[in-house]
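Please read them alongside the sequence and coordinates.

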Amino acid sequence: MSRRSFDRSIVEGPIGPAVWKLAWPTMLQNVIGGLQGLVDHMMVGHYVGYTGNAAIGVSWQIFLVVQVFIGSLFTGMGVLVARFAGANEQEKVNRSVYQAFLTALVVAVGILAPTGYFLAPTLLALVNATPAVSAEALPYIRTMFVFNFGMMVFFMLGGALRSAGDARTPLRLGIWLTLLNVTLSAILIRGLGPIPSFGTLGAAMGTVMSGATLAIVAAVKLFGGTWVIHIHRGMSWRPDFRVIRQLFRFGLPAGLQGVAMNIGGVILLRFVGSLASSAEAQAAYSVGYTQLFSLVTWTSVGLMGATAAVAGQNLGAGKPERTVQGVHAASKISVAVAGGVGLVFLLLPGLLLGVFGMEDPVVTALGVQLLAFLSVSGVFVAVALAYTGGLQGTGDTRGPLYISLISQLGLPLALCWIFQETVGLQAYHIWLAILTGHMTRCLLSIVRFRQGAWRRIEVRI
């Protein structure tokens, strides 16, 4: 089978269909991937109990920092791939992907795996995990640290193919990965026939085994030359530090942005825990903001990735005005999607909360109140992420970092502190701080993009 060429409709022809062609598979893939985690939680909660759920929760809280750091390399890779795909420079695309793979392999296997294995008990102590939770979490997180490179290959390939203009292949891979992961987890968590029950550890085993299987399939495809990206024997197999420097140049700000946002979320959760009805507020926050609001973030992050690919490719093709048009088209899609979800939040809050067993009247009242704020907040987040995709795709990864430090870390936490020290912190003050942060992020992202500094960013390897 002959190798596929780049899809030139992204840099030629109507811009709206070009954005949508990349957006819908990416959005759907994110939703499917998010559901995978929910299924793991449901099975562990049923067969192990709440300590298993807590173990997965605290483990992912720690492991997310690793994912963000490795993911920053893939953000840098996406900038290079999109720019060179837009310029129709095939070998530079191939070289960028290979160097990202090589760098991630060294960092994940050579540094993070051994470090994470030995520091796991200390990290669990830092998040105040109880002895019962730590007993479940320790083998889980060690397995994830040591054997999760296959999953990272999946994320890398998804970003690379999408940046090169192919969003449907990552969607197909994501569906197969989810089905395999759910099947393996169902067997390993509860046991089947001669296979014993591994409990919480079984969830980690299912994740890493499915990721490893997919990585093997992906390697065959990459070397087979049937994808738009092709790793072949004629390439240089040595580390190319010119490319690696570019990966970190564009990727590290994105990684720091993710770390800053995670820190902001943890501190915000501490403010929630300081309320008079802290347990009820934390329950409402966990379900409303971390679960139901994911309906907005899953799709918006997917749209952000598609926007980054369109923006980067058109800049690489020497068509910056199409980059602007692509971001505007993406923002319109984001408003429609987030607005629809927000309408459901307003009209059916009790039904949504009831799915998670929210029956306590105080929890329900706080949850309904939070969803009202989030129904508006989601539109601002979605638009902000569309413009963030435009910035990151063109290589401006520092702008979103500064914006996140202001809008997701500094401003909402400052508002919570002011309310706490003056009138006394109430739950709706925290919901207002979240909304204010999202509005600010949206405004600053639009302003940064319209300044046009991204037009002058050069990528050379």
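1. Arg 162 lies in helix H5, residues 149-163; helices (H or I, at least four residues) and strands (E, at least two) are DSSP runs, numbered from the N terminus. Arg 162 is buried and has no salt bridge. Buried here means under 20% relative accessible area, exposed over 50%, and partly exposed in between, with a 1.4 Å probe and protein chains only. A salt bridge requires a side-chain nitrogen of Lys or Arg within 4 Å of a carboxyl oxygen of Asp or Glu. The nearest side chain of opposite charge to Arg 162 is Asp 166, at 9.0 Å. Beyond its neighbours within four places in sequence, Arg 162 is in contact with Leu 22, Thr 26, Gln 29, Ala 167, Pro 170, Gly 305, Ala 306 and Ala 309, contact being heavy atoms within 4.5 Å.

2. The coordinates are a predicted model, in which local features need pLDDT of at least 70 and side-chain atom pairs count only at pLDDT 80 or more, while totals for chains, interfaces and linings use all residues. Residues are numbered from 1 along each chain as its sequence is written, and side-chain values use heavy atoms, with hydrogens and water left out.

3. The protein chain contains 15 helices and 0 strands. Its radius of gyration is 22 Å, close to the 23 Å that the globule rule gives for 461 residues, so the chain is as compact as a globular protein of that length. The radius is taken over C-alpha atoms, and the rule is 2.2 Å times the number of residues to the power 0.38. The C-alpha trace spans about 60 × 55 × 35 Å along its principal axes.

4. Of the 461 residues in the protein chain, 53% are buried. Among contacts between residues at least 6 apart in sequence, 83% join residues at least 24 apart.

5. Leu 201 is placed in helix H7, residues 200-224. With a relative accessible area of 22%, Leu 201 is partly exposed. Leaving aside neighbours within four places in sequence, Leu 201 is in contact with Pro 139, Tyr 140 and Thr 143. The C-alpha atoms of Leu 201 and Leu 138 are 8.9 Å apart, although 63 residues separate the two along the chain.

6. How many salt bridges does the rule give? The count comes to 6. In one of them, the side chains of Glu 321 and Arg 455 meet at 3.0 Å, N to O. This pair links distant parts of the chain, 134 residues apart: Glu 321 is in helix H11 (residues 320-347), and Arg 455 is in the segment after helix H15 (427-451). Glu 321 is partly exposed at 46% relative accessibility, and Arg 455 is partly exposed at 37%.

7. Arg 448 forms a salt bridge with Asp 396, the closest N and O atoms being 2.9 Å apart. The partners are 52 residues apart, with Arg 448 in helix H15 and Asp 396 in the loop between helix H13 (361-394) and helix H14 (398-421). Arg 448 is partly exposed, with a relative accessible area of 25%, whereas Asp 396 is buried at 5%. Elsewhere, salt bridges that share partners join Arg 95, Asp 240 and Arg 242 into one network.

8. Arg 242 is partly exposed at 47% relative accessible area, while Asp 240 is buried at 12%.

Conventions. Lys and Arg count as positive and Asp and Glu as negative; His and the chain ends are not counted.
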